[in-house]
Amino acid sequence: MKADRSYECLLCEIPKGSAAIIEEIRLPKLFGDYLMRIGIEPGTVIRVSRESPLGGPHIYRVRGAEIAIRRETARQILVRVTDFSGAADA
Amino acid sequence: MSRERQKKTVAVVGPPNSGKSTLFNRLTMLRQTVANYPGVTVEQRVGRLVGSKEAEVDLIDLPGIYNLMAFSEDERVANKVLTGTMPGVAVPDAVLLVVDSTHLERHLSLVPAILKVGLPTLVLLNMADLLAERGGSVDLLKLAGNLGVPVALISAVKGTGLDAVSRFIESDVNHVPQTVLPILQNGASCGQWAREIGTASAYRPPIAPAWSRKLDDVLLHKFWGPIIFVLVVLAIFQSIFSIGQSFSGLLQRLLDLTGQFAATRISAGLFQSFLVDGIWRGVSAVLVFLPQILLLFLFVGILEDSGYLARAALISDRTMQRIGLNGKSFVPLLSAYACAVPAIMAMRTIENRRDRLATIFIAPFMTCSARLPIYTLMIAAFLPDRPLVGPFLGVRAAAMLALYLLGFIAALATARLLKSSVLKSSSLPFALELPEYRWPTLRSLGVRLFDRAKLFLKNAGTVILLVALVLWVLAHLPLVDGRVPQLRDSAIGHLGRWMEPLIKPLGFNWKVGIGLLTSVFAREVIVGTFGTIYGTDPATRSLNLQEALRHDLSPGAAAALVVFFAFAMQCTATLAVVRRETNSWKWPILQFLYMGSLAYAAAWLTNLTVSQLWRL
């Protein structure tokens, strides 16, 4: 069995360049639904695209779209960092 | 065969950034009307389909939505319209669902909710040109089969593939969707379903263009990003200020000349005065706003269509958070420094209803260009032209700057106040999609400008004209010996004198009182009013306006007057636009009362303080 080097962390902690799979969204259901509709849902691959200037929300790449998420929200999203894949995003 | 034209209603729906509005504009050209849905601030946009032979087709452009879960006002409205439960709107006969073909799998998750409504639906995969250009493709037949509804590949921007739309609309086939739909409550299964459909339809996603990301490397650069942003904002602001102002000035000049010319063709008297000073002046007051409105919307249009507006919202987000708002409020709010009227209209880009209301509420505090004439006049009359900080800052410039700052602080404080009490909103997770950059098209900009101008003229225009006429009546009646009275003896003159005791604590006299009354219409009017009053008063007739003011007002009163203008709501156009954008009278009235009270209190305090200081 291949060694599993993945680990869990919060969305705001993903190192730049690595891909992660969203595991859990720890927000009230209403907010979770709100995020789901723009593609942020468990099972989706997400990676850090860039940081915003002036400490603004970080920008993530989800299913080919660039989405900015504030830090407080990113803290509520649990992800599993998989290996550095380098493959085209889903 | 019956030649009677059928009437059909077709709803156009789709996610934000799908190019839905471009399609709508192309299908309806300029035959659109804009109104508000009852009870909400969502805009209702209906247009007549151009070139339809068989039927009269009305297209309803619904707001961009990701789903119909009724999470936001936009979704609730879309839901109501589609299910035919929106009062005043006909039940749609069919639906055009517009999605971005370059983001197909994400956008397809809207399909189940729309199909569930049960109306004949045509799914339009927009941006065919981009899809092909970037190496993407999809099997339309398979997709249509999987979805159970007709599908077409179009480009709203280029105008290709649109005959499919007319064929669909004009066909009499009531093809109700027949797909097995996933459970709608669970967002995840919709997403999953969308991906499976995409794969089953041989969807190959396009390769994202590198230039768009490279552009973000610059525009969202940690250092250069904010600098470019500031430059862009300054450029917009400066253009509206200078170009907008000059065009407005030119327009005003032209309108005045026309008015004078008309005056020579009509015998002098009450009627002539009514036409020229009343109606024509009112109409000019409305038209004069157009250059600034058009210019601002041109800029906002370019920013929005190109995709830069989302980046601007990001850069200013942190700063805006401190006053309880978010980045989306920044650009519209800043443009209020030129003129609050188009700025408030531009605030529709703020989706959060409470944030939008708060931003609209504080917009008039931003020192708009209409305040400048009275500021300049009073500063020049009462302050010496001396340097304050060496050659960098003179006394007069410092005073002007202080007044600008005053408005700014009042805006921030009010925003803070509102957002922590009445307009407090449960902090939605801030998630903003950054669309890819694209070139704005002249066509969409043109339609947008025409649309906004028409809106302004119709709504604000009628209110402004009405108030202008009322003011004319008050200033020209009652007749004295059958002739037009002096300003002091007119109805408004009486009003001014009657309210003198109310404004005495501020150091104001009845002449200022008349000025305050006339400037309720528009701030810059007070300069003309002062000119008239002091010009016809035997005591000040021989002095120029500045000398007359010095003669008549104490320094405390002068300071109080500019402070009053900094805070008071004196712009009928703004009130009219706020009323329209909030779809109620509550907010403009509240704004008027709040700002008026603040102005009164601040002016009173200023008069007190300055009078004391002056004696020292």
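I began with A:I67, whose bridge partner in strand 10 of chain B is B:E433. Strands here are DSSP runs of E of at least two residues, and helices are runs of H or I of at least four, numbered from the N terminus. The model is predicted, with local features requiring pLDDT of at least 70 and side-chain atom pairs pLDDT 80 or more, while totals for chains, interfaces and linings use all residues. Residues are numbered from 1 along each chain as its sequence is written, and chains are lettered from A in the order in which they are written.

I next looked up A:A68, which stands opposite B:L432 in strand 10 of chain B.

I then traced the whole sheet, which is open, has seven strands with antiparallel pairing, and runs 1(A)-6(A)-2(A)-3(A)-4(A)-5(A)-10(B). Strand 1 (7–10) of chain A and strand 10 (431–434) of chain B each have a single partner strand, so one side of each lacks a neighbour in the sheet.

Finally, I examined the contact between the chains. I found 29 residues of chain B in contact with 29 residues of chain A (C-beta atoms, placed from the backbone, within 7 Å). On the chain B side, helix 10 (224–265) and strand 10 are among the elements that each supply at least two residues.

Key: Pairing = 2+ DSSP bridges. Contact = placed C-beta atoms within 7 Å.
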